Amino acid sequence: MSGLTFRSTKAHWTANLSRQCSHGPTGLFVPPSPPLDPEKIKELQRFITLSKKLLVMTGAGISTESGIPDYRSEKVGLYARTDRRPIQHIDFIRSAPVRQRYWARNFVGWPQFSSHQPNPAHWALSNWEKLGKLHWLVTQNVDALHSKAGNQRLTELHGCMHRVLCLNCGEQTPRRVLQERFQVLNPSWSAEAQGVAPDGDVFLTEEQVRSFQVPSCDRCGGPLKPDVVFFGDTVNPDKVDFVHRRVKEADSLLVVGSSLQVYSGYRFILTAREKKLPIAILNIGPTRSDDLACLKLDSRCGELLPLIDPQSLKFLPLPSN
């Protein structure tokens with residue numbers, strides 16, 4: 001396991017990250033995959049070329065190559081490596097001690113989590129948008145890597161860890177600002193943690209958490225929560241309706257790095273099927289919608305997507321006389 005250490009003296013903060021913690025650009029969190037198949041590359045190129053209003057949905061599998069683990073990948077996902085499970089929405093809302101534990105752990109994990117950068121798959125999708133190929137991008141991730149890559153035609157389905165909301169008044173605060181407030185409130189607090197989760201969470205003991213001070217909303221004094229959908233919560237209905245409209249406008253759908261096990265994303269595949277849209281899936285391992293896809297590819301997102309030319313005319317059908 002990789003370790004993180006935080007210590008503070010008079011608000012001077014340092015973080016010690018073990019060598020294993022960064023995992024490099026390709027990451028130890030990417031499950032094994034077969035070599036790239038030239039024929040499959042051609043099939044995906046044809047799929048993208050024929051698409052005029054392409055909707056792309058991404059999941060945690062696109063970010064593993066940036067060093068962020070996912071939950072479900074065989075042998076390398078968080079569920080496979082540990083018995084830890086993500087926080088439940090109802091527990092966070094109801095319990096101040098649960099919120100204290102969450103924020104202490106998130107505070108320790110934040111410097112590493114927020115430092116992750118887009119990988120070639122993110123940059124490829126950003127380029128597709130710039131070239132007019134991408135109609136809309138829907139991500140289930142909360143890591144802000146698509147925003148860092150420059151995507152603007154983007155819906156963050158489950159929110160973003162880089163924003164914090166007050167549960168009482170709805171005031172929004174950048175997460176980096178909250179980190180500074182944590183440091184002021186906890187000038188001598190120290191903790192050591194093991195491992196970082198897909199949402200920036202780390203693992204601390206109850207003893208470490210007990211003395212951690214959590215700030216309240218600057219405006220009303222209410223409790224603060226990351227602007228993300230925790231497990232057991234539901235996506236805002238207006239956001240769901242918005243994405244449904246984008247799917248109905250599209251002429252094809254590409255899934256990138258998602259097993260589609262969570263219904264909040266899977267429902268849009270069902271909408272695409274109802275519209276009889278062609279569906280392609282790029283994901284290492286099986287997904288919930290393999291039987292609905294006309295094309296399934298088991299490859300690293302960052303290896304395959306940069307090979308696709310969004311402006312290629314090679315596979316366009318010849319005009320009829």
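**Figure 1. The three-stranded open sheet of the predicted model has the strand order β7-β6-β9 and antiparallel pairing.** This is a predicted model, in which local features need pLDDT of at least 70 and side-chain atom pairs count only at pLDDT 80 or more, while totals for chains, interfaces and linings use all residues. Residues are numbered from 1 along each chain as its sequence is written, and side-chain values use heavy atoms, with hydrogens and water left out. Helices (H or I, at least four residues) and strands (E, at least two) are DSSP runs, numbered from the N terminus; two strands pair if DSSP finds at least two bridges between them. β7 and β9 stand at the edges with a single partner strand each, so one side of each has no neighbour in the sheet. Direction ignored, neighbouring strands of this sheet are turned by 40 degrees against each other on average.

**Figure 2. Bridges of strand β6 (residues 159-166) to strand β9 (residues 224-228) and to strand β7 (residues 172-174).** β6 and β9 run antiparallel and are joined by five bridges. Along this pair, V164 stands opposite P226 in β9, and C160 stands opposite D227 in β9. Towards β7, the antiparallel pairing of β6 extends over three bridges, and L165 has Q172 of β7 as its bridge partner. β6 and β7 form a hairpin with five residues between them. In the turn, G170 has a positive phi of about 80 degrees.

**Figure 3. Helix α4 (residues 96-115) crosses helix α7 (residues 175-185).** The two axes come within 11 Å and cross at roughly 115 degrees. Axes are lines fitted to C-alpha atoms, for helices over the stretch in contact, and angles run from 0 to 180 degrees between N-to-C directions. α4 is therefore roughly perpendicular to α7; angles under 35 degrees count as roughly parallel, over 145 as roughly antiparallel, 65 to 115 as roughly perpendicular and the rest as oblique. The crossing of α4 past α7 is left-handed, a term for a near helix turned anticlockwise from the far one by less than a right angle, with right-handed used if clockwise. From α4, the contact is made by W103, N106, F107, W110 and P111, and from α7 by R175, R176, L178, Q179, F182 and Q183; contact means heavy atoms within 4.5 Å. By class, six nonpolar, three polar and two charged residues make up the contact of α4 with α7. Ala, Val, Leu, Ile, Met, Phe, Trp, Tyr, Cys and Pro count as nonpolar, Asp, Glu, Lys and Arg as charged, and the others, Gly among them, as polar.

**Figure 4. The six-stranded open sheet has the order β5-β4-β3-β10-β11-β12 and parallel pairing.** The edge strands, β5 (154-156) and β12 (295-297), each pair on one side only. Neighbouring strands of this sheet are turned by 15 degrees against each other on average, direction ignored. Strand β4 (residues 134-139) runs parallel to β5 and is joined to β5 by three bridges; L137 stands opposite L154 in β5. Helix α9 (residues 237-249) packs on the sheet and touches β3, β4 and β5, its direction making about 145 degrees with that of β4. Helix α1 (residues 38-50) lies across β3 (54-58), β10 (252-256), β11 (279-282) and β12, and runs at about 130 degrees to β12.

**Figure 5. Strand β11 is covered on both faces.** I279 and I281 on one side and A280 and L282 on the other are all buried, where buried means under 20% relative accessible area, exposed over 50%, and partly exposed in between (1.4 Å probe, protein chains only). In a regular strand the side chains alternate between the two faces of the sheet. β11 pairs with β10 in the parallel sense over four bridges, and L282 of β11 is the bridge partner of V256.

Figure 6. Most residues other than glycine have a negative phi. With a relative accessible area of 72%, K276 is exposed.
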